[in-house]
Amino acid sequence: MRAYILKEFLPGEDPEQLTDSLSLIDGRILDSLATLRLVAFLEEAFGFEFAAHEVGAQNLDNLNLIAGFVASKQK
Amino acid sequence: MARTDADTRLFARVADSTIFRYLVLGGQLALVLWLIRWYKLEGQVFEKLAVLIWAGFTVNYFLPARARLPFFGLLSVFGIVAIFGPAQGAWLLTLGLTLIALCHVPLPFGARVAIVLGAGILLAVLRSGRLAAPWSAAIWPVFGSMFALRLVIYLYDLKHRGAPFSFWRSLAYFFMLPNAVFLLFPVVDYQTFSRTHDAEKDRTRVFQRGIDWIVRGAVHLVLYRLIYQNLPIDASSVVDMPQLLRYLIWPFLLYLNVSGLFHLTVGMLLLFGFNLPETHHLFYLASSFTDFWRRINIYWKDFMMKVFYYPAFFRLRRRGNNLALVVGTFVVFFATWFLHSWQFFWLRGSFLFKWNDILFWTSLAVLVAGAVLLEANRPMARRLATGEKPWGESVRKAFGALGVFVAITLLWSMWSSDSVTDWASAFAVVRQADSGDLWLLPVVLGLAAVFLLAALYFERRQQKPLGFYRQVARSGAMLLVLLLAGSYRVQSHLDKDMSVVLARLHSPGLNPRDAAKRQRGYYEKLNDVGWENPELAKIYVVRPPDWDPLQYRPDLAKTNEGLPYLELLPGAQGRFTSVAVRFNGQGMRDREYSRQPEPRTYRIALVGPSDAFATGVAQEEGYEALVEERLNREGGLGSYERVEILNFATPGYTALDVLAVAERKVFALQPHALLYVVHVTDGQGVVSRLAQLMHTQAPVAYGGLMQFAREARVDPGAEENTAARAFTPRREAILSWAYRELFERCRSRSVVPLMAYVPLLGPRDFDLPVPTLLGIARGAGFLTLDLSGVYGGRDPEKLQIAAWDDHPNAAGHRLVADRLHAAIRTVEGSLWRRDEHRADQGTGARLHSQGVPPGGGS
């Protein structure tokens, strides 16, 4: 996930800066289009489907939240 | 050395202590309170709310974690009761709690939605006035602001269980404290509201961010006021290229009002631990149309994404990504248009429907959908706020920002105009541009360069997180700058023009342009003033229905096609501007009068506009009644034992209406004198009325007026603003013609023509200088009474009938009556001599050059 975000959205940025708690949505790194691309990536990589109400800062605002959400969907 | 280390440790301990940080935060809030009071930001009710928030912040700061949410909920309830009073506050709370309870009844979700929808329809019927509600209409706008949209989000999150629910959370969410004062409130997301409360470890950083945003909001509001009070002009006033530029740019800049209010309100919520995100982010510098949509009103964008965009996208994405993106975008903009109208309904009681509103949202939808497709197929890199950005990318974004700013400025000016044709008419000056306008080119290029530099700076700056005390220093410095800019002492050192501009920073009311137009009942004609003009919108939300101008009151007055534009209905009575009015059998706001004056009774006919009519005060409190009573108490005028002043004044009358009503009604009652009350807006008054007559192709009985139309090349049926623009350079000539015509009609009937100049309480646009106005009157033959300075030295706000209406109140009328009475006494000799001339019809000639100076006779 980290590699995907760095490559797709933050090319050339220092990987150290992308901490597990860095705010991606409230921090204005992921806008709606980027969020939908991330959703498509997660669906394809982890084999589950998002519902519309699951897309948002509550699940996708940082790497910790994304990991937790993906884990909960795979249970 | 050891001692220094100890000192440093002690200092650090003190600086980090809870009490010391509270003192630092509380001290800044005290400065904020001073600022609010100093600039009169958002009125006295907000001032009280700010004190309550300051006190609430203090309590909340020291409360244990579990007590904070209930405390905020209870404080919000207390705020509502304090602002609306126990009875109306209880109604508001009961209605709200009932709706919240309906969301939680133990029934399937669909059934609950149906019940809430049913309750909403019932409330909407009550709001529309079709059914009488047992509570005051004053609570509707706030109720609508709290529930009209938040209920949608609440139900959405309830359905998906997206956040924890409890009584205190719901209470805090719907009744959140600042909302009791701010009708225009950001659409706070329930999930975010719950998720962010007390979520950050260091609460003082959240509180400090709240103060930062409050200060930023205050900066926006002060800038907004500077722009609102000095920049707006009408399409009809656009006569050259600089004015076209001004006409196009001011509406978008007025959006600072919304961004300022939202920063202020969300900043207040942060003071109670709700660590909410930004509401706006440098929206004037958006580098693409999608970027603009993401930066302006971020809470609205998030609401739309959550409730409309993502559901639409996920439903359609199997049919193709691009299709889903475009349809989702159009769904969002349709919902935005409809829900703005829905909000408007709860604020005003009627839906907003303007063609330029529809055109604006459609145009924006097309631009954003196009940009979405571009971005979807050519993804752009994002940058960390702390990282460096390549120069090429920054320059490209800066030019993009300039392009977006120009496009949105154009769209916004169209949106804010009265109609699309009105907006388009302003561009007529482009055809008249010549080499004389070339000086404007370097000015425009200079402004563009400044804009590009600003865009580059904000794009390239690296935002490192600031420490607590650095944030304090930044906010404190901004507060001091604001306080200094508003200081009268500082302003007295500036040049006169600049100090006049800055002095208006303290004027919370309408600007001269809106005040002048509202005085003519202009905005009631539109009947759909939206939030693109925040000051007017605020007025129309709080103003009671009986403040509608008389031309919209068929129970009290009838409108005419020609002149006069309006006549009071004989014998009509009712409430107008919150006072009882009753018109006599001759259609005057006065007692009944015989057809002829009684022997030894001197009869004066008073003609003029609304203040002479005594708008907003009882008839016996108006200066007409006061002067009449005083003259009679003193034994009359000259050899006349009694005095009658017949009040023919009618709101909105211009010199053209006065001329017509004099012929139709006044002279039939055989007055000895005609007293015409005028204001500095009389010049624009005749221009507007003549433009209206030409536009409506109304019959005009005066050849002289039609001659003006021919000279100005205004044909019958011409667009009203275009006609007004053509007549404006001739306004003094038209006014002079009207005064001469009135004078001639007085002279032919041996009626002494008097003209009294009475100042308005507030400033107006389109003003003629007083010496010019009185010069025209004297040139026409009137004996003039100059009441300049009649309100001198007094706070105008204490002399006006309501916060939104600067007609004089009873105290104001007493001041005018004193001066008018004295002025009449000064010219008394000229008045009663009139009878000596009646036989030979020679009156008036000797009066031409006379005038009573300001303060004359007092």
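How close do the axes of helix H17 and helix H20 of chain B come, and at what angle do they cross? The first legend answers this for the predicted model shown here.

**View 1. Helices H17 and H20 of chain B cross.** The axes of helix H17 (residues 391-416) and helix H20 (residues 440-460) of chain B come within 9 Å and cross at roughly 130°. Helices (H or I, at least four residues) and strands (E, at least two) are DSSP runs numbered from the N terminus. Axes are lines fitted to C-alpha atoms, for helices over the stretch in contact, and angles run from 0 to 180 degrees between N-to-C directions. H17(B) and H20(B) are therefore oblique to each other; angles under 35 degrees count as roughly parallel, over 145 as roughly antiparallel, 65 to 115 as roughly perpendicular and the rest as oblique. H17(B) passes H20(B) in a right-handed crossing, the near helix being turned clockwise from the far one by less than a right angle (anticlockwise for left-handed).

**View 2. Helices H3 and H10 of chain B cross.** Here the axes of H3(B) and helix H10 (residues 203-230) of chain B come within 12 Å, with a crossing angle of roughly 165°. The two helices, H3(B) and H10(B), are therefore roughly antiparallel. Their crossing is right-handed.

View 3. Leu10(B), Val14(B), Ile19(B), Phe20(B), Leu23(B), Phe62(B) and Tyr469(B) make a nonpolar surface patch of about 620 Å². Patches take residues with over 30% relative accessible area and no salt bridge, joining like charges within 9 Å and nonpolar side chains (Val, Leu, Ile, Met, Phe, Trp, Tyr) within 5 Å. Accessible areas come from the Shrake-Rupley method with a 1.4 Å probe; for residues, only the protein chains shown count as cover. Helix H1 (2-16) and helix H2 (18-39) of chain B each give two or more residues to the patch, and H2(B) has the largest share, 3 residues. Phe62(B) belongs to helix H3 (residues 43-62) of chain B. With a relative accessible area of 43%, Phe62(B) is partly exposed; buried means under 20%, exposed over 50%, and partly exposed in between (1.4 Å probe, protein chains only).

**View 4. Arg689(B) and Asp657(B) form a salt bridge.** The closest N and O atoms of this pair are 2.9 Å apart; a salt bridge is a side-chain nitrogen of Lys or Arg within 4 Å of a carboxyl oxygen of Asp or Glu. Arg689(B) lies in helix H30 (residues 682-696) and Asp657(B) in helix H29 (residues 655-666) of chain B, so the bridge ties together parts 32 residues apart in sequence. Arg689(B) is buried at 9% relative accessibility, and Asp657(B) is buried at 0%.

**View 5. Glu8(A) and Arg37(A) form a salt bridge in chain A.** Their side chains meet at 2.7 Å, N to O. Glu8(A) is in helix H1 (residues 2-8) and Arg37(A) in helix H2 (residues 32-46) of chain A, 29 residues apart. Glu8(A) is partly exposed, at 26% relative accessibility. The whole structure has 38 salt bridges over all chains.

**Notes.** Residues are numbered from 1 along each chain as its sequence is written, and chains are lettered from A and ligands numbered from 1 in the order written. In this predicted model, local features need pLDDT of at least 70, side-chain atom pairs count only at pLDDT 80 or more, and totals for chains, interfaces and linings use all residues; side-chain values use heavy atoms, with hydrogens and water left out.
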